[in-house]
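Dear colleague,

Please find the structure below, handed over for your use. My notes on it follow directly after.

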Amino acid sequence: MDMTRTSAWPTLGGADTPVPAGGAHPARGLGGARAGRRRRCQHDRVPDLSRMRRDYTDGVLREEDLAPTWVEQFDRWFGDVVAAEVPEPNAVVVATADADGAPDARIVLMKGYDEAGFIFGTSYASTKGAELAVNPRAALVFPWHALQRQVRVRGRVERIGDAASDGLWDPRPRGSQLAAVASVQSTVVESRQELEERVRLLDAQTPPGPVPRPAIWGGYRVVPQRVEFWQGGRDRLHDRLQFVRDDGEGGGWIVQRLAP
Ligand SMILES: Cc1cc2nc3c(=O)[nH]c(=O)nc-3n(C[C@H](O)[C@H](O)[C@H](O)COP(=O)(O)O)c2cc1C
């Protein structure tokens, strides 16, 4: 997109720097006397984002409410989000970093959790796979807006092994198995057509029934070092309680409250 074009963008006092959708002028920031006159949005459907706010009053998370372990607490909240019929409750943002520390993030579907950690399936040959090969640590965010909650996790990452990876692969429908084999995740392709052709060829060459899991596809486990439970609070005085692995003698976990 040519960001120097101004025709679609409102301008501030003759400045021809574009104003981002709903946001402040990049050079001048929010507030000030001009704020009232400024047209902030490029589309009529986009409201004034500086005024878009909702108070979080749905719940509280006090120390006495917290389950004894992070996994039991996660279990409770995951139960709540499933019961609330939130779409894709197991969709989670996974952040990784490359060898230079450059961050990266994407959504995956969390396919299991227990005391050992959180599991997702992917291509080991993908960008995230390459990043995890050189820097086997990740952060997760479960963004459960409907319940005014988020869960954040940080920890090391390990591959889950062949048998467990088969357990993630086998329930996938054949079409999605074919697509995962035909698409070398995160590589540049010429066109959509090329991908569809690869899937068609593979389908023709593969005996009917389940497609064997390729060695480059498998599961990762994020082994938590800390797990934070965030509940939105009135006037932005949110509750943040985190379990932190105690690396001292005896191991175990400690619970801390964080300022919002
Ligand atoms: C709702 C949703 C669920 C997704 N689930 C997965 C998944 O379970 N595994 C996966 O590899 N990619 C999944 N993706 C695609 C990833 O976001 C991403 O495009 C892909 O993994 C390539 O990421 P990378 O290039 O950083 O490796 C999902 C995307 C969305 C929006």
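I begin with S186, which is partly exposed because 14 other C-beta atoms lie within 10 Å, a count between the 12 or fewer of an exposed residue and the 20 or more of a buried one. This residue is found in the loop between α4 and α5, and its phi is near 80°, a positive value in a residue other than glycine. Please bear in mind that this is a predicted model.

Of the 15 residues around the ligand, T122, S126, T127, K128 and S186 come nearest. The elements that give two or more residues to this shell are β2 (103-114), β3 (117-123) and α2 (127-134). Strand β2 provides the largest share, five residues. Sorted by class, the shell holds five nonpolar, six polar and four charged residues.

Within strand β2 one finds V108. V108 is partly exposed, since 18 other C-beta atoms lie within 10 Å. Leaving aside residues up to four places away in sequence, V108 touches V92, V94, F120 and T122. V108 and T122 are 14 residues apart along the chain, and their C-alpha atoms are separated by 8.2 Å.

E85 lies in the loop between α1 (70-83) and β1 (91-97). With 8 other C-beta atoms within 10 Å, E85 is exposed.

Which residues of helix α4 (residues 174-182) are buried? They are Q177, A180 and V181. Seen down the axis of α4, these buried residues fall within an arc of 95°, so they line one face of the helix.

Finally, a word on confidence. The mean pLDDT of the protein is 88, and 84% of its residues reach 70 or more. Over residues 1-33, however, the pLDDT is below 50; this stretch has 38 contacts in the model beyond near neighbours in sequence. Where pLDDT is low, the predicted coordinates should not be read in detail.

With kind regards

Key
Residues are numbered from 1 along each chain as its sequence is written. This is a predicted model: local features need pLDDT of at least 70, side-chain atom pairs count only at pLDDT 80 or more; totals for chains, interfaces and linings use all residues. A residue is near a molecule or strand if its C-beta atom, placed from the backbone, lies within 6 Å of it. Helices (H or I, at least four residues) and strands (E, at least two) are DSSP runs, numbered from the N terminus. Ala, Val, Leu, Ile, Met, Phe, Trp, Tyr, Cys and Pro count as nonpolar, Asp, Glu, Lys and Arg as charged, and the others, Gly among them, as polar. Two residues are in contact if their C-beta atoms, placed from the backbone, lie within 7 Å. pLDDT is the predictor's confidence in each residue, from 0 to 100. The arc is that of the directions from the helix axis to the C-beta atoms.
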